[in-house]
Amino acid sequence: MRDVSWLIVGGGIQGMTAAVHLCRQAGISAADIAVVDPHPEPLAVWKERTEKIRMPYLRSTFVHHLSPDPLELVKRGDSFLGRYKRPSRSMFYDTSKELLQETGIADSWLQDTVVHVEKSQPGWTVYGKKNTLTTANLLLAPGGGSRPVIPAALQPEAVHVYDPSFDPSAVTGRAVVVGGGISAAHTAIYLAEQRHTETVLLHRKPLRVSQFDSDPGWLGPKRMQAFSRMDHRRRRRCIHTERRTGTMTRELLFKLRKLERDGRLKMMQDEAAGSRRCEDGMVELELASGSLLSADSVTACTGFSKELPGSAWIQPLIDAYSLPCADCGYPKLSPSLMWTDRLYVTGALAELEIGPSARNIAGAQRAARRIAASVCM
Ligand SMILES: Cc1cc2nc3c(=O)[nH]c(=O)nc-3n(C[C@H](O)[C@H](O)[C@H](O)COP(=O)(O)OP(=O)(O)OC[C@H]3O[C@@H](n4cnc5c(N)ncnc54)[C@H](O)[C@@H]3O)c2cc1C
């Protein structure tokens, strides 16, 4: 059994941002930290998803990354876009990996899946499928998008864009992409630019533009102080209204419109009410307007389930130690994101404390800063 001072469950953006802050801000040695994740290397989910949709630039700005130093990306990279200096995906990924190497966090990696957690001396015992570890401090960062959702009307014919089996480069013929957010926009643009596909973007509501996933005001004290004064029910409602899911940046909308003008993409505002596979192998979508749309493939860019992340092993933990949760099932936390005795959470799990930006990179930095600051005290 291995013993560490800090154990982080989940090596995505959130977990790795926390790890870097623990090293750089709180002065904890990387040798005292272990990161447990089923993937072979850090940031694997982020890399796979952003590569899959061929996202060239991040939506967030140059100050949002894994490090406590706001200028970390500018010092390391030179590939930025526009007035917000949005980093290119490849530069962001390469420099993040470089930073993880330099801090030594890359060597803290333990490839495993956590299945059970219990209290013990000196803090917590964490059971993976292959390893058992004890730790004084436990940080849960299992992500917020592990279960992609496909609306019932598209099942079973559609495949989710983030289903590991979906390969956009294998799509041929008439492709229907369903959704109105950045994943749908990037996927439709990629497919439309492939000469061998005829692409339709089917969106339920008018396409909406937003530069960011939520108002940047949610990163500052004014809005966040008001948020902290709300009870947890109001916080959940606020997060629901303030997160700009299903929106895209202006440049993506312009690109879609250009492709439409060039006759390479068709955009339709309608909703699938049902779907069936025809004898000739085509999928026929029955639309709410009454018309029919046939396609060789249907790609659902329709988001993720809203359930508590990691519920299969976190719910038993909640039950065993009566951990405080709001009505929505998410953790009620201290300002330092501690749930109970040196058990911390970040990312989607910390949403009721960090607010509408919690799931993004900016939220990861704010969460990591709070955790590291509480350790320094
Ligand atoms: C295509 C795309 C583009 C995005 N672009 C931006 C952007 O530009 N700017 C921005 O701010 N945000 C962006 N986001 C949002 C957000 O930053 C990402 O979703 C981010 O990856 C979330 O990080 P995470 O660590 O919470 O989750 P994940 O990246 O999903 O990482 C969680 C990790 O935990 C592991 N895990 C889960 N359960 C266990 C377990 N039981 N045991 C061990 N490990 C476990 C998972 O395998 C995974 O590796 C984007 C999201 C997507 C999908």
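The questions and answers below concern the fold, the ligand shell, the helix packing and the backbone of a predicted model.

Residues are numbered from 1 along each chain as its sequence is written. In this predicted model, local features need pLDDT of at least 70 and side-chain atom pairs count only at pLDDT 80 or more, while totals for chains, interfaces and linings use all residues.

Q: How many helices and strands does the protein have?
A: Helices (H or I, at least four residues) and strands (E, at least two) are DSSP runs, numbered from the N terminus. On that basis the protein has eleven helices and 20 strands.

Q: Why does the radius of gyration of the protein agree with that of a compact globule?
A: The radius of gyration is taken over C-alpha atoms, and the globule rule is 2.2 Å times the number of residues to the power 0.38. The C-alpha atoms fill a box of roughly 65 × 45 × 40 Å along the principal axes. Because a compact globule of 377 residues would have a radius of gyration near 21 Å, there is agreement with the value for the protein, 22 Å.

Q: How far apart do the C-alpha centres of domain 1 and domain 2 lie?
A: Domain bounds come from an automatic or database domain assignment. This assignment gives domain 1 (2–146 + 306–376) and domain 2 (152–211 + 249–300). Their C-alpha centres are separated by 33 Å.

Q: Which helix supplies the largest share of the shell around the ligand?
A: The ligand is surrounded by 37 residues, with G10, G12, L58, G143 and N360 the closest; a residue is near a molecule or strand if its C-beta atom, placed from the backbone, lies within 6 Å of it. At least two shell residues come from each of α1 (13–24), β2 (33–37), α2 (44–52) and α11 (361–376). The largest share, five residues, belongs to α2.

Q: How many residues of the shell around the ligand are charged?
A: Ala, Val, Leu, Ile, Met, Phe, Trp, Tyr, Cys and Pro count as nonpolar, Asp, Glu, Lys and Arg as charged, and the others, Gly among them, as polar. The shell holds 16 nonpolar and 17 polar residues. The number of charged residues is four.

Q: Is the crossing of α1 and α11 left-handed or right-handed?
A: Axes are lines fitted to C-alpha atoms, for helices over the stretch in contact, and angles run from 0 to 180 degrees between N-to-C directions. The axes of α1 and α11 come within 8 Å and cross at roughly 35°. A crossing is left-handed if the near helix is turned anticlockwise from the far one by less than a right angle, and right-handed if clockwise. The crossing of α1 and α11 is right-handed.
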